[in-house]
Amino acid sequence: MIMTEILSKNKIEINNLNLFYGRFQAIKSVNMPVQQNLITALIGPSGCGKSTLLRSLNRMNDLIHGVKITGEVLLDGTDIYNSGMEVTELRTRVGMVFQRPNPFPLSIYDNVVYGLKVAGVRNKKTLEEVVEKSLKGAWLWDQVKDKLNHSALELPLDQQQRLVIARLLAIKPEVILMDEPCSALDPIATMKIEELMIELKENYTIVIVTHNMQQASRVSDYTGYMLLGEMIEFNDTRTIFTRPSQKLTEEYISGKYG
Ligand SMILES: Nc1ncnc2c1ncn2[C@@H]1O[C@H](COP(=O)(O)OP(=O)(O)OP(=O)(O)O)[C@@H](O)[C@H]1O
Ligand SMILES: [Mg+2]
């Protein structure tokens with residue numbers, strides 16, 4: 001017990017977060033920890049604010065006109081909103097994977113090295129090493145190593161999603177946010193991404209939004225159940241799915257609505 005307390009560390013702490021789209025409040029006084037090297041899942045019915053909360057962890061909502069945010073999101077103890085932290089630095093540390101894989105219309109190689117090139121890395125050997133390591137890390141190396149100069153868009157969807165993950169790994173993020181990363185994939189490809197996530201958590205902290213409760217219960221260590229912008233219940237995943245403390249959570253996980 002003492003061991004796990006020492007080992008577990010909050011990589012992110014969301015404190016009393018409120019988010020408004022104009023006059024509509026999409027996030028209501030949400031508090032949630034995100035523990036380092038674990039997978040935290042956000043579940044809840046459509047429109048409850050899962051994606052909004054996820055996007056607030058790397059300031060993706062800032063791009064939306066009329067958004068107002070109060071409260072804190074601490075990354076390693078530093079508020080990402082009120083500390084003068086550069087958004088570009090933040091997005092390097094906290095990367096995101098979306099529902100539809102979004103590789104750039106470039107070669108597989110150029111997709112993986114994109115972030116490094118933007119950062120000015122030109123050394124060919126360094127880039128090649130990063131490509132191999134990142135593709136291996138995303139379990140894609142064997143499938144693409146002989147066609148690195150092919151267009152990324154030629155890859156099947158599940159490999160595109162793993163390429164997007166490799167592109168992230170190349171810039172060495174600390175946290176990976178995933179918004180329904182498997183919703184465009186078939187069950188076998190989904191299983192592969194789930195297995196990959198479990199491997200990735202050894203080195204990264206992961207937050208995943210999913211509609212799929214089986215997925216949340218399979219991959220995550222902690223789960224937050226949201227409803228209408230509120231965090232109804234947050235706990236270790238087993239507790240949420242076996243003996244939730246809130247009636248609303250129980251109704252949702254037993255499939256009464258959502
Ligand atoms: N750009 C936006 N402008 C205005 N309202 C928005 C915007 N994006 C989301 N909303 C609203 O905020 C609420 C939360 O949306 P959000 O997309 O975060 O929910 P979600 O839980 O991810 O839903 P889903 O499961 O359908 O993806 C919804 O009522 C939505 O209509
Ligand atoms: Mg969403």
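## The sheet

In this predicted model, 6 strands make up an open sheet with mixed pairing, in the order E6-E7-E8-E3-E9-E10. Strands here are DSSP runs of E with at least two residues, numbered from the N terminus, and two of them pair if DSSP finds at least two bridges between them. At the edges sit strand E6 (94-97) and strand E10 (230-236), each pairing on one side only. Neighbouring strands of the sheet are turned by 15° against each other on average, direction ignored; the axes are lines fitted to C-alpha atoms, with angles running from 0 to 180 degrees between N-to-C directions.

E6 runs parallel to strand E7 (residues 175-179), and 4 bridges join the two. Gly-95 has Ile-176 in E7 as its bridge partner.

## The whole chain

The chain has 11 helices and 10 strands, where helices are DSSP runs of H or I with at least four residues. Its C-alpha atoms fill a box of roughly 55 × 40 × 40 Å along the principal axes.

How does the radius of gyration fit a compact globule? For 258 residues such a globule would have a radius near 18 Å, and the chain's 19 Å agrees with that. The radius is taken over C-alpha atoms, and the globule rule is 2.2 Å times the number of residues to the power 0.38.

Buried residues make up 41% of the 258 residues (buried: 20 or more other C-beta atoms within 10 Å of the residue's own, with C-beta atoms placed from the backbone).

## Reading notes

Residues are numbered from 1 along each chain as its sequence is written, while chains are lettered from A and ligands numbered from 1 in the order written. Local features need pLDDT of at least 70 and side-chain atom pairs count only at pLDDT 80 or more, whereas totals for chains, interfaces and linings use all residues.

Note on methods
Buried ≥ 20, exposed ≤ 12 C-beta atoms within 10 Å, placed from the backbone.
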